[in-house]
Each structure stands twice: as C-alpha cells, then as structure tokens.
Amino acid sequence: MLCSLEWLWIQSGSSATAGKTETGKLLVAPLHSRFEHILEHLGRRRGWGHGRLQSARNYSALAQPQPRPAPTKTDPYVLLAPHLEQMRTSLLTLLGSSHPSLNAIAQYYFLHPSKQLRPLLVLLFARATNGLGAEFPQVNWAADNARAHQKELDAPLTRKDILCDWNPSMPDHTASFESAFELRIPPPQPSPYTPPPPLLHQTHPQALTHTLLPTQLRLAQIVEMIHVASLLHDDVLDKSSLRRGAPSAPAAFGNKLAVLGGDFLLGRASAALSRLGSHEVVELIASVIANLVEGEILQMKGSGTEVASSPSSSASSEIDLKDLHSSPSPSSSDKWSIYLKKTYLKTASLMAKGARAAVVLGGCREGEVWKEVAYAYGRNLGIAFQLIDDTLDFSSSTAQLGKPGFADLRLGLATGPALYAAEEFPELEAMIQRRFGRDGDVETALALISSSRGVERTRELARVHAEKAREVLTFLPRSEARDALEGLTEGVVKRRCTQHERQLICSLARSPRCVYDQGAML
C-alpha cells in the first residue's frame, strides 16, 4: 500500500491521446521510495517522451508535504467598494427636505468620513447567504418583476398628496397646498402583466449566487440612517463637541435641530423600511429603534430600576444625570450585567438584527440556520466592537478618536476598564457609585485604571466575543464574503486603520485629508 500520498499535477504541453485524462492535468505520482519506478511505469503507459519524463522528475520536489498556506484575506471594503459608493450616493437623495436647515443637518454626518461598518455587515451577509435560503428564487424573481425592483423601492406606497413628504430630490413625490384638499375618486388601476413567480413548493439547489438584491442594498442604507440618527441624539445627551474629528451636530446646529434631524432620519428610514415588503424585517428594525432608547435609558440610570422624577425636574430643560442614579448601588455582577446589556442595546442590536434582516430578505425561512448565524455573529461582533471602543477612550488621543478623550468617565459612566480596575482597587467602587462626581474623581480614577489590568482584560473579553463571532461562520459555505467577515473579527479587535483604508475613507468623503483612527470611524 502507498501511504502519505501527495499528488503531483503536471501541465501538459502536447495534445492528449485517446484514453487520457483531461489535457494538461495528469495524475502522475505519489511521494514514495519507489517514486522513480512508478514515474517510469506511468510514463510508458501514457506514452511520455524523455523530455516530459525529465520534467516530471524536476517537479518531484513539489510532491513533498508542504505547509498549508494561510487563507487569503479578503478586504471587505475592496470587495464591496462599488456597492458602498452606490449606497452612499443614492442615500443622500433619500434625505432631501423642503427646509434647508433640516436638509443640512440630516446630511451632516453622512458627509464626514465613516467606515460604514453596519451597512457593510448587511451587504456581506447578503453575499455570503444569497442562494442558500429556500425562498431565494421568489425574492430574486421579485427583484426583477415586483415591488422589490430597485426603481419601485423609491416609489411611495401611498399617494403623494396624502404623504405630504416633500423631497426636492424626488419631485414626483411632493404634495401641493395651493388649494383646499378635494376628495379624489381613484380611477380603476390596470394590472400590468408580470410573469408568474416560481412556485414555493419547487426546490432549488443551494448554491451561492454572490449577488446583492435591491432590497438588501436599501436595507444597508436604512441601517446607516438609523445609526446616524442615534449619533445625533447621543451627541445632544452627552453634550459632545466633537464627532469624527469635526464639530458635532449640536455644536454646529444646536441641540433642537440635532434632535429634530435625528427624528427626521428615523422617519425617512421607517418609510423606506415599509417598502421592503417583509413584515419580519420591519419588526426586526423597529425593535432596534426601541433597543436604542432602552439602552440609553439604562445607561443614564445605571441600573434596571425605575426612578420617579419630580414635577420640577421633569419641567427642567436640562437633563440631570445625577438624579437618575439615586437608586441603591448594584452589586459588581449586576454592574457587569447592566453594562453588557446596555452594550447590546446601544451597539450590538443594530449589527445583529441588521445582519439577520439581510438574510431574511435573501429568502431564508424560519428554521434555516443562515439567519441564526447572522444574528449570533452580529451580536458577538457588536459587543466586541463596543468593548474595544471603551478601551480606546483610555488609550487614544482626541485626534485619534475624533471625539473628546475620557468622555465616559466625565459623563459618569463606568465601562469595562473601570469595572475590571475596581476589582483590583476597591476604592474605585465609591467613585463609580457617585459617578465620578467629586472634584478629582476623574483624575484619580484614570490613575487607578492606568495602573490596573482593566484595559487589557477588557480587550481579552472583546477577543472572546470576536472569536465566538468567527466560530459561527463555519456554518456558512466558503466564499469571499465569509472570508471578509472572518477578517472583520480580527480588525474589530485590532482597530487600527491602514493607509489604504484611510485613503478609501477620504475618497468616499471627498475629503483631501484623513486623520482619523479606525476606532472613531466605525
């Protein structure tokens, strides 16, 4: 018996004779002590000349066991660059308003460099799973023949004079107020002929198509709109002066316009969401908006208990965060539970449910594993991302972050590094309880956290979540999209921007310079 077989493929330079295998791919030899004998025997059977036999001998070194090559890393931004550019360009047309100020603030954060991580996850999971779901033939048919067609996604479901949603980028969607509203009797609508969709009971081979559906591209835009709306609201609540290295929206436009701009984005995102044609996707994304609010309240209160506000405080124009933290101090384990729950609600929920929604739009039925993979990956990656973001608050400069450093401590928030440091320095517990509110608390806490393993241990916890995200991808067939998703699990933990990525971000933003760290842009 031959053992330790390593097959050698010889490229043929001549035509194959009758009875040979495929021209140019002749299976010649295993690695064995009788290699020369076997080679000559095969040469006689195949009619090889002396020259070709000598070539086979020269290639014999290739038959030695070789170390397995490292998998080729796929750059997700290169893989999806045309789609990201298309998504960003067409997204701006969704944000037009009849009010110039609202129009400016709605587009403000979209005009600054961004890594677009959340829409990237949507598009990667779409490419990694399209063709696997049992209902993919139906959704693929709808992309060409029904409401899921690209042009139809921009068309309202309701008449323009009812929506009253004026968008200068879409003049056909406007409403008129030149006269009193008259009852309109709709004429009979002819039903245009469309070819019948594939039958649901028909089976199709599970094979990746490596394509993106128009609904999935629109979902990527919706996810980014919701994310930017949350940034507008966060910067008001946190009184942040910087965002992505530039003045924040509240600093540039004021708090009221920033809040209204976020609300406007949520309204436009909701309208676009309704046109995707999937009740399950509407439910998923609507729950994300609720999660963002719940996460913010949880962060403000610091515990899961309700704190009643007095009439005087509710009438105040300022938010007194200290009043929201008058409940008894939770235990250390409770603090971690609250912290990780808040991390999911504010960050990971949008990634997890956005990725799951992309797979649903690709025709995945209930009971199929693909959308479970998407959710598990997004949830773990999102938590890992935020954990690393919390460490960057202690290890990066304001210029790198694109936002003020040590912002969490100054807001009275105890993130992973502080919670871990409190296990080494119990005196931090009292500071956490009073939300670093006394003079010198922030500086003392920074010194203790710097002297602890808090940042290091938070990074270790992030790596655990990132590794779990990578593990679940083994359920997906190998593809460039899956390789890119695997690479993201490493990139999120490392969080350093390459020169190529900086140039790509600046080109997407039409900016001549880029000074941002990846951690600030994602």
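I began with burial: of the 522 residues in the protein, 48% are buried. I note here that the model is predicted.

**Entry: overall make-up**

I counted secondary structure next and found 25 helices and 4 strands. I then looked up the accessible surface, which comes to about 26000 Å². Carbon and sulfur atoms account for 56% of that surface. For contacts, I took residues at least 6 apart in sequence; 73% of these contacts join residues at least 24 apart.

**Entry: aromatic pairs**

How many aromatic pairs does a search of the whole structure find? The search gives 5. I wrote down the geometry of Tyr108 and Tyr109, a tilted pair with 5.5 Å centre to centre and 40 degrees between the planes.

Another of the pairs is Phe125 with Tyr377, which is edge-to-face, at 5.3 Å centre to centre and 70 degrees between the planes. I checked where the two rings sit in the chain. Phe125 is in helix α6 (residues 117–129) and Tyr377 is in helix α16 (residues 370–395), so defined as DSSP runs. The two residues are 252 residues apart, and the pair links distant parts of the chain. Is Phe125 buried or exposed? Phe125 has a relative accessible area of 0% and is therefore buried. Tyr377 is also at 0% relative accessibility, so Tyr377 counts as buried.

Arg379 lies over the face of Tyr344, and the distance from the ring centre is 4.6 Å.

**Entry: helix α6**

I returned to α6, the helix that holds Phe125. α6 has 13 residues and reaches 18 Å from its first C-alpha to its last. This is close to the 18 Å expected at 1.5 Å a residue. Why is α6 described as largely enclosed by the rest of the structure? The reason is burial: 13 of the 13 residues of α6 are buried, so the helix is largely enclosed by the rest of the structure. Just after α6, I noted that Gly131 has a positive phi of about 105 degrees.

**Entry: helix α16**

Helix α16, which holds Tyr377, gave me two further residues to look up. Lys371 is in α16. Its relative accessible area is 0%, so Lys371 is buried. Which residues is Lys371 in contact with, leaving aside neighbours within four places in sequence? I listed Glu280, Arg356, Val359, Val360, Cys364, Arg365 and Glu366.

At 0% relative accessibility, Ile388 counts as buried. With residues up to four places away in sequence not counted, Ile388 touches Arg459, Ala462, Val492, Val493 and Arg495. I took the spacing to one of these, Val492: the C-alpha atoms of Ile388 and Val492 are 7.6 Å apart in space, while the residues are 104 residues apart in sequence.

I then went to His227, which lies in helix α10 (residues 214–237). His227 has 8% relative accessibility; the cut-off for buried is under 20%, so His227 counts as buried. Not counting residues up to four places away in sequence, I found His227 touching Arg118, Arg244 and Leu350.

Lys239 is in the loop between α10 and β3 (242–243). Is Lys239 buried or exposed? Its relative accessible area is 63%, so Lys239 is exposed. I checked the backbone there: phi of Lys239 is near 55 degrees, a positive value in a residue other than glycine.

**Entry: a further positive phi**

Arg435 also has a positive phi, near 60 degrees, and is a residue other than glycine. Where is Arg435 found? I placed Arg435 in the loop between α20 (427–433) and α21 (441–451). Arg435 is at 12% relative accessibility and so counts as buried, whereas Lys239 is exposed.

Methods:
Residues numbered from 1 in each chain as written. Predicted model: local features only at pLDDT ≥ 70, side-chain atom pairs only at ≥ 80, totals over all residues. Heavy atoms only, no water. Phe/Tyr/Trp six-rings, centres within 6.5 Å; stacked < 30°, edge-to-face > 60°. Buried < 20%, exposed > 50% of the residue type's maximum accessible area, 1.4 Å probe, protein only. Lys NZ or Arg CZ within 6 Å of the ring centre and 35° of its normal. Contact = heavy atoms within 4.5 Å. Areas by Shrake-Rupley, 256 points an atom, 1.4 Å probe, with all protein chains shown as cover. Expected span 1.5 Å × (residues − 1).
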